[in-house]
Amino acid sequence: PPQEDSMNRILVSFLLAISLINLSLAKIIESDTVTEIKNHVPNDLEHTLIIFDLDNTLASPKLEIGTDQWVNYLVEEKMKLGLDLQQAFNAVLPTYFHVQFKIAMHPVEDITPRIIEELQAKGASVIVLTARSIFVASRTLDQLDDMRVQLGVQGHAAELHLNMPIPCIYMNGVIFSGNNDKGLVLIELLN
């Protein structure tokens, strides 16, 4: 598959919502490293929600198979055969699902699980917002457990089905948005 510049440089992006109650205080911060978050948070993180992206931010497969870039390559190849984008994506999904149940994930940066623990120790709730669908939710949670990444919002439901056009769910600290707009899914969850 063709190598993209983005494969050589992992863009770590995270959303830091300063308050669960007042979204006007939210900040979006993009960085090349997860440790950058330490420069943007106060010592007391009570009532703070930190939202990370999953793939290529917190975690990635050990090999290229199963990555976003790999999926994009497969979709492009299907489109070269005459399929439109949706048809190509639908053709690739079964392979993607199969691969996700076979591969292990590892933190993009070795320090990531410790950074999340430190944020939680300071009182922050840490969750993940991913475009992964509900069909790989249980496997994704297993992959995060294998990496020793624990997520969630204390005092909130461990599982919540969100009212969106395409099925999506909040489960154990991960929002599985599927093909819904991630921003709209986040708003639905926070409401």
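This text goes through the confidence of the model and then its salt bridges.

The structure is a predicted model, in which local features need pLDDT of at least 70 and side-chain atom pairs count only at pLDDT 80 or more, while totals for chains, interfaces and linings use all residues. Residues are numbered from 1 along each chain as its sequence is written, and side-chain values use heavy atoms, with hydrogens and water left out.

Confidence is given as pLDDT, the predictor's confidence in each residue, from 0 to 100. For the protein chain the mean pLDDT is 82, and 84% of its residues reach 70 or more. Helices (H or I, at least four residues) and strands (E, at least two) are DSSP runs, numbered from the N terminus. Confidence in the protein chain is lowest in helix α1, residues 5-8, with a mean of 32. It is highest in strand β9, residues 174-176, at 95. Over residues 1-22 pLDDT stays under 50, and the model has 62 contacts beyond four places in sequence for these residues; a contact means heavy atoms within 4.5 Å.

Side chains of opposite charge can pair when their charged atoms come close. Here a salt bridge is a side-chain nitrogen of Lys or Arg within 4 Å of a carboxyl oxygen of Asp or Glu. The whole structure holds 5 salt bridges.

One of them joins the side chains of Lys38 and Glu118, at 3.1 Å from N to O. Lys38 lies in the loop between β2 (27-31) and β3 (49-52), and Glu118 in helix α4 (residues 112-121), so this pair ties together parts that are 80 residues apart in sequence. For accessibility, buried means under 20% relative accessible area, exposed over 50%, and partly exposed in between (1.4 Å probe, protein chains only). Lys38 is partly exposed at 41% relative accessibility, and Glu118 is partly exposed at 29%.

Glu118 also forms a salt bridge with Arg114, where the closest N and O atoms are 3.4 Å apart. Arg114 and Glu118 are 4 residues apart in helix α4, a separation of about one helical turn. Arg114 is partly exposed, with 48% relative accessibility. Through shared partners, salt bridges join Lys38, Arg114 and Glu118 into one network.

Another salt bridge is formed by the side chains of Asp53 and Lys182, at 3.0 Å from N to O. Asp53 lies in the loop between β3 and β4 (59-61), and Lys182 in helix α6 (residues 182-190), so the pair ties together parts 129 residues apart in sequence. Lys182 counts as partly exposed, at 28% relative accessibility.
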